Amino acid sequence: MSENSSIHHESTVVEEDTSRKGGLDGYFKISQRGSSVKQEVVAGLTTFLAMVYSVIVVPSMLGAAGFNQGAVFIATCLVAAFGSLLMGLWANLPMAIGCAISLTAFTAFSLVLGQGISIPVALGAVFLMGVVFTAITVTGVRQWILTNLPSGIAHGTGIGIGLFLLLIAANGVGLVVQNPHDGLPVALGEFTSLPVLMSIVGLAAIFGLEKRQVPGGILLVIIAISIFGLIFDPNVTYQGLFAMPSFGGEGESLLGTMDIMGALNPVVIPSVLALVMTAIFDATGTIRAVAGQAKLLDKDGQIIDGGKALTSDSVSSIFAGFVGGAPAAVYIESAAGTAAGGKTGLTATVVGGLFVLLLFLSPLSYLVPAYATAPALMYVGLLMMSNVSKLDMSDSVDALSGLMCAVFIVLTGNIVTGIMLGFGSLVIGRVISGEAKRLNVGTVIIAIVLVAFYAGGWAI
């Protein structure tokens, strides 16, 4: 081969490589982050299957408060599609967004049923919460909170969310149940039941597949158990493939029905602020934990493109109020996708696209039983608990405050409560140990605000 033809051949290879990287690879920085298109797609599918339960749970919760369930199903799909596509295409992070279960419960049981607030006013409150949440994000307050999150509490939040995820998944399939007798609040469920056995076998199978580095191992387990359920479990039935989306009949559609002026009533404003406060620490803690697990932190321990990530979930809550859904947040189930190798926004984009499809394929959501996704969530929970090794035990006040945060996230069933106790114990511990100089003003302010939030009885 002549020198000229050799040079031509090399330049052609470079051009081909550049053009390939200029497509999906270039846009999402897939190779740059050490991933592949296939890996991202598998991660997206894994996250989708881990969080698809939301389209059943959210309409059920809001339906109990009088919302039209068909309209809420559509709204839940739209919020997850909008938020996840925004996170994927704009922020380029592998985090999926959906209607937050904790904030859905507050909207249904506290706002509508508890305080007797009408559905349009409740949706107005969700919209207002999204506006305030976005303002706090855009002005840098949320980023300031992230920056002032002590390392012990940052790692403790990850540990606590991992434990929390483990407990939620185990409880969802009956592996761990509420103790009917005196003593500790939880007990072992019916060990020989099909959901419990399949969850344990599935979790062990994931251990083995991940050890062997089988691509898409978590997804394979979800699919295999779903097929098993369809064959052997009478509760898992094929209910069709296609269904046209409907916002409900005349007078039942929730699209654009929010009453913003009603939500500005002095009686409703405290509830809006409670939603905002909870979302700030719950969603921010979740984003930090998922980004940490996906190794998407910079050298200073801050999230890569963190500002865009924070704005994506707050804007999604504004959208949720408009379409008739519950407040939005990054789903902790996103960690199932990052555990499956998701490192870029393509993962979240796949999730968003699948939720658009689900608008038309809603009957398929019943083919994935809880015990098919529980092993994935329990596995992710265990992985996130590895943050224990990142605690600096030579700084015992910081490390133990982080562990206090972790434990009380689980014991109280609330991420914000754990963070509040972690901050409070850190500040008091530093002062009493004579290390007050190690505290920065931001940490002290956050601790005071959180404790006052709880002491004032505003916490969700």
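Trainee: How many aromatic pairs does a search of the whole structure find?
Mentor: The search finds seven aromatic pairs. Please note that this is a predicted model. One of the pairs is formed by Phe 228 and Phe 232, with 4.7 Å centre to centre and 40 degrees between the planes, which makes the pair tilted.

Trainee: Where do Phe 228 and Phe 232 sit relative to each other in helix H11?
Mentor: Phe 228 and Phe 232 are four residues apart in H11 (residues 217–232), so about one helical turn separates them.

Trainee: And how accessible are Phe 228 and Phe 232?
Mentor: Phe 228 has 28% relative accessibility and counts as partly exposed. Phe 232 is exposed, at a relative accessible area of 55%.

Trainee: What kind of pair do Phe 453 and Tyr 454 form?
Mentor: Phe 453 and Tyr 454 form an edge-to-face pair, with 85 degrees between the planes and 5.8 Å centre to centre. Phe 453 is buried, since its relative accessible area of 7% falls under the 20% cut-off. Tyr 454, at 21% relative accessibility, counts as partly exposed.

Trainee: Let us turn to helix H20. Which of its residues are buried?
Mentor: The buried residues of H20 are Gly 442, Thr 443, Ile 446, Ala 447, Leu 450 and Phe 453. Seen down the helix axis, they fall within an arc of 135 degrees, so they line one face of H20.

Trainee: What do the buried residues of H20 pack against?
Mentor: They pack against helix H8 (141–147), helix H13 (269–293) and helix H19 (415–432). The face turned away from the buried side carries the exposed residues Val 441, Ile 448 and Ala 455.

Trainee: What is found at the start of H20, and what just after it?
Mentor: At the start, a side-chain oxygen of Asn 440 comes to within 3.2 Å of the backbone nitrogen of Gly 442. Just after H20, Gly 457 adopts a positive phi of about 75 degrees.

Trainee: A change of topic: is Ser 35 buried or exposed?
Mentor: Ser 35 is buried, with a relative accessible area of 12%. This residue lies in the loop between helix H2 (24–28) and helix H3 (37–51).

Trainee: Which side chains make polar contacts with the side chain of Ser 35?
Mentor: The Ser 35 side chain makes a polar contact with the side chain of Gln 39 at 3.4 Å, and another with that of Glu 40 at 2.5 Å. Leaving aside residues up to four places away in sequence, Ser 35 touches Ile 30, Glu 40, Gly 341 and Lys 343.

Technical notes
Residues are numbered from 1 along each chain as its sequence is written. This is a predicted model: local features need pLDDT of at least 70, side-chain atom pairs count only at pLDDT 80 or more; totals for chains, interfaces and linings use all residues. Side-chain values use heavy atoms; hydrogens and water are left out. Helices (H or I, at least four residues) and strands (E, at least two) are DSSP runs, numbered from the N terminus. Buried means under 20% relative accessible area, exposed over 50%, partly exposed in between (1.4 Å probe, protein chains only). A polar contact is a pair of N or O atoms within 3.5 Å; within protein, one must be able to donate a hydrogen and the other to accept it, and residues adjacent in sequence count only if both atoms are side-chain atoms. Contact means heavy atoms within 4.5 Å. The arc is that of the directions from the helix axis to the C-beta atoms. Rings of Phe, Tyr and Trp (its six-membered ring) pair if their centres lie within 6.5 Å; planes under 30 degrees apart count as stacked, over 60 as edge-to-face and the rest as tilted.
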